[in-house]
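Please consider the structure shown below together with its sequence.

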Amino acid sequence: MMRRRRIPTIAVHNNLIIPQIAPSRRAQSIVAIAIIPLGAAFLLLQFGDSMRWLSVAGLLVPLFISGIEGAIDLDWHPPDQTLINNITAVISGPGVYGFIYNSSDSPRYGTYNWCNMPHVRRDEYVPAPSEYELVYVELIHRHHKRTPYASNSFPVEPYRWDCDDEAVFSYASPLLQEEQQQQQQRSAVPIYWNFQASSSQNPFSPGTGGWTGSCQFPQITSGGLDDSFQHGVDLYGVYHSLLGLLPSHSDPPESWRQKTSFRVTTNTITSQVAGMLLGGLVGPAVPKISVTVQPAAIDSLEPRYPCPRAAALMSIAKSSAAWKAHLRAAQPLFDTLDAISGVNPSDVSFHESVDHYYDNLSARQCHAKPLPCHPNAVSERGNCVNQDMADAVYRLGHWEYSYMYRDAGPEALAAAVAGYGVWVAELASHLRDVVAHDTKPDTVWRHNIAHDGSLSRLLAVLQVDEMVWPGMGAEVVFELFRKKEKGDGSGYFVRVLFGGRVLTSSSPALGRMNLLLVETLLGYFDGLVGVDAGLVKGKCAS
């Protein structure tokens with residue numbers, strides 16, 4: 001039977017205004033009627049977590065996990081079909097769905113802004129009903145806007161990137177009380193790096209590709225620092241001023257240190273963001289505060305821990321027929337960009353995806369820098385990258401992220417579960433501890449500053465219904481509420497916000513994640529990664 005052609009419409013999903021082909025039909029609830037043979041029931045009771053799902057040829061094969069709400073579906077479910085993951089629409093264009101690439105300011109809250117993604121703000125925040133008390137928050141967001149990575153430069157870049165209007169501090173100091181430091185005269189002098197790319201006596205390349213200037217590549221720019229500070233201000237406006245969860249700026253510094261926890265990765269740009277964000281969040285009354293970082297070799301936040309299986313599944317996605325077809329369709333664009341930029345057409349890193357071109361062009365536009373021209377633009381009659389070319393790169397970038405993390409099928413979920421399962425298990429452990437003690441916890445706020453790969457894997461695990469490339473500052477918040485008059489289960493409920501609005505999952509187990517019974521979310525996480533990440537090593541090795 002021939003299907004009627006779907007007509008593009010505009011719809012608001014999660015926090016993003018997205019052009020949609022047509023709303024997909026989604027089950028609103030799971031009605032599971034299962035007759036479990038006595039032998040299978042015995043195995044489930046005896047072996048618990050180890051029987052929750054099996055990995056067969058990289059595919060997730062779910063088994064029922066019993067809970068007070070019945071079976072929890074651990075299977076992969078496809079995302080909605082929108083213009084973002086429709087390769088025909090991606091290639092034909094035009095524009096980028098109304099997304100913003102040239103400013104940190106958004107005229108309409110909720111619009112996708114690569115330079116400064118929507119996050120929780122007081123004016124738009126929707127409080128939970130009064131019968132729910134907020135007791136704990138854990139959030140994770142990408143760092144804010146930065147210079148491009150060195151590996152993403154063109155052989156010859158047309159202008160400098162200078163960062164003389166900011167300082168990247170790097171020094172150590174004894175952890176003594178201020179009066180002790182004064183008595184012992186052991187106060188450290190804050191020092192910052194003055195980046196010297198080269199000298200006349202040093203014949204070696206600085207490793208920054210074609211980039212020149214006083215910036216590091218990458219480095220959070222002054223604009224990114226401003227966005228970081230405002231992010232902190234906005235979070236304080238909601239979670240202290242509106243909800244009273246966080247301490248006040250007038251409270252003693254020790255109150256902040258006891259009730260909050262902050263974490264970064266070993267990539268210094270996350271610490272650069274942390275310093276400014278904390279300035280807006282905790283205020284000037286807290287002169288110093290620690291941030292947690294795990295060893296680079298096992299970091300779960302970035303993530304960096306060894307997981308060959310996740311890498312192999314990602315490679316399978318990039319060798320699929322759909323991936324190869326999109327590269328063939330993009331070849332004319334690659335040819336044009338190569339001719340302008342001077343990038344060698346045989347450079348695999350620039351042509352296995354649009355990642356390098358995307359970073360190169362979007363970083364310029366977020367910082368109001370012109371799109372690049374051929375090094376000999378005069379003789380080449382002004383041969384420059386124009387906005388239509390840049391938009392085509394951005395559309396392809398979103399398609400690639402949607403495909404890698406959602407559309408590629410069960411392998412996409414399996415890769416994310418293995419590759420980000422440790423952090424997911426850490427999150428689950430924090431939620432479980434709060435519920436187990438059934439009191440407001442000592443630590444009410446955990447704050448993780450991470451990367452696009454971190455957010456993408458988490459959104460894949462949550463099976464977000466529309467996947468985009470998470471832009472600068474993109475944020476996912478887990479809010480844990482306690483119902484004042486307990487009814488179902490533990491009486492604890494979770495709300496998940498993406499870009500300040502309730503996240504919708506394609507998984508029938510999760511659905512619209514607004515006051516979801518915490519047992520359901522924990523059962524979903526435990527079924528995928530195991531309690532305390534007990535299944536992750538096996539998933540990474542298999």
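Cys366 is buried in this predicted model, with a relative accessible area of 6%. Its partner is Cys115, and the two form a disulfide in which the sulfur atoms lie 2.1 Å apart. This link joins distant parts of the chain: Cys115 sits in the loop between helix 2 (87-92) and strand 5 (132-142), Cys366 belongs to helix 10 (residues 355-366), and 251 residues separate them. Cys115 has a relative accessible area of 0%. Because buried means under 20% relative accessible area, Cys115 falls in that class, as does Cys366. The torsion about the S-S bond is -90 degrees, which makes the link of Cys115 and Cys366 left-handed.

A further disulfide is formed by Cys307 and Cys540, with the sulfur atoms 2.1 Å apart. Here too the pair connects distant parts of the chain, 233 residues apart. Cys307 is found in the loop between helix 6 (268-281) and helix 7 (308-318), while Cys540 lies in helix 15 (residues 536-541). The handedness of the link of Cys307 and Cys540 is left, with -95 degrees about the S-S bond. Are these two cysteines buried or exposed? Cys307 counts as buried at 12% relative accessibility, and Cys540 counts as buried at 5%.

Cys373 is joined to Cys384 by a disulfide with an S to S distance of 1.9 Å. Both cysteines lie in the loop between helix 10 and helix 11 (387-407), so this pair ties together parts that are eleven residues apart in sequence. The link of Cys373 and Cys384 is right-handed, with 95 degrees about the S-S bond. With regard to accessibility, Cys373 is partly exposed, having a relative accessible area of 30%, and Cys384 is likewise partly exposed, at 23%.

How many disulfides does the count give? The count comes to four. With the bonded cysteines counted along the chain, the disulfides follow the pattern 1-5, 2-3, 4-8, 6-7.

Val461 and Leu462 are among the buried residues of helix 13. The buried set also includes Asp452, Gly453, Ser454, Leu455 and Ser456, together with Leu458, Leu459 and Ala460. Just after helix 13, Gln463 adopts a positive phi of about 55 degrees.

Methods. Residues numbered from 1 in each chain as written. Predicted model: local features only at pLDDT ≥ 70, side-chain atom pairs only at ≥ 80, totals over all residues. Heavy atoms only, no water. Disulfide = S-S within 2.5 Å. Helix = DSSP H or I, 4+ residues; strand = E, 2+ residues; numbered from the N terminus. Buried < 20%, exposed > 50% of the residue type's maximum accessible area, 1.4 Å probe, protein only.
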